[in-house]
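Please open the model in a viewer and keep the selection panel at hand.

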Amino acid sequence: MMIRLMSSYPKQLTIGENVWDVVFCRRIPDEPSNIVGLTDPSEFTIYIKMGQTPEDRFKTFAHEVCHAVCFEYGIKENHSIIYGLEEPILRFFIDNGLVL
């Protein structure tokens, strides 16, 4: 499936009670160069590494939003929970016309 964002990514998202910044960067601060996304709940910031394909960048964005959702709603994270949330998050963006 080819994913193309219909508009630019949001610079901020309201998730739960907080406003999260969405930051695109060449390298995620204080992380190894192979890390492509990071959710920092102490700063309410989602980092996405530039240089990914559009599809990978969008999947990374959705994955990091899942981490923020878990943090906001007190859901204990593990890989199965995060991966289980990704499909509904992706579907939400697609169903609301944000991506093709």
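**From a strand pair to the helix**

Begin by selecting Thr-39, whose bridge partner in S4 is Ile-46. Bear in mind throughout that the model is predicted. Next, select Asp-40; in S4 its bridge partner is Thr-45.

S3 and S4 form a hairpin with four residues between them. Is Phe-44 buried, exposed or partly exposed? Phe-44 counts as partly exposed because its relative accessibility is 24%, which falls between the limits of 20% and 50%.

Asp-30 is not a glycine, yet it has a positive phi of about 60 degrees. With a relative accessibility of 81%, Asp-30 counts as exposed; the cut-off for that class is over 50%.

Then display the strands together. In what order do the four strands lie in the sheet? They form an open sheet in the order S1-S2-S4-S3, with mixed pairing. Strand S1 (12-15) and S3 are the edge strands, each pairing on one side only. On average, neighbouring strands of this sheet are turned by 20 degrees against each other, direction ignored.

H1 lies across S1, S2, S3 and S4, and it runs at about 160 degrees to S4.

Which residues does His-67 contact, leaving aside its neighbours within four places in sequence? They are Thr-39, Glu-77 and Ile-82. Thr-39 is the residue at which the tour began, the bridge partner of Ile-46 in S4.

Finish with the pair His-67 and Glu-77. Their side chains are joined by a polar contact of 2.2 Å. In sequence the two residues are ten residues apart, and from C-alpha to C-alpha they are 7.5 Å apart in space. Showing His-67 with Thr-39, Glu-77 and Ile-82 brings these contacts into one view.

Technical notes: Residues numbered from 1 in each chain as written. Predicted model: local features only at pLDDT ≥ 70, side-chain atom pairs only at ≥ 80, totals over all residues. Heavy atoms only, no water. Buried < 20%, exposed > 50% of the residue type's maximum accessible area, 1.4 Å probe, protein only. Pairing = 2+ DSSP bridges. Helix = DSSP H or I, 4+ residues; strand = E, 2+ residues; numbered from the N terminus. Contact = heavy atoms within 4.5 Å. Polar contact = N/O pair within 3.5 Å; in protein donor to acceptor, adjacent residues only side chain to side chain. Axes fitted to C-alpha atoms, helices over the stretch in contact; angles between N-to-C directions.
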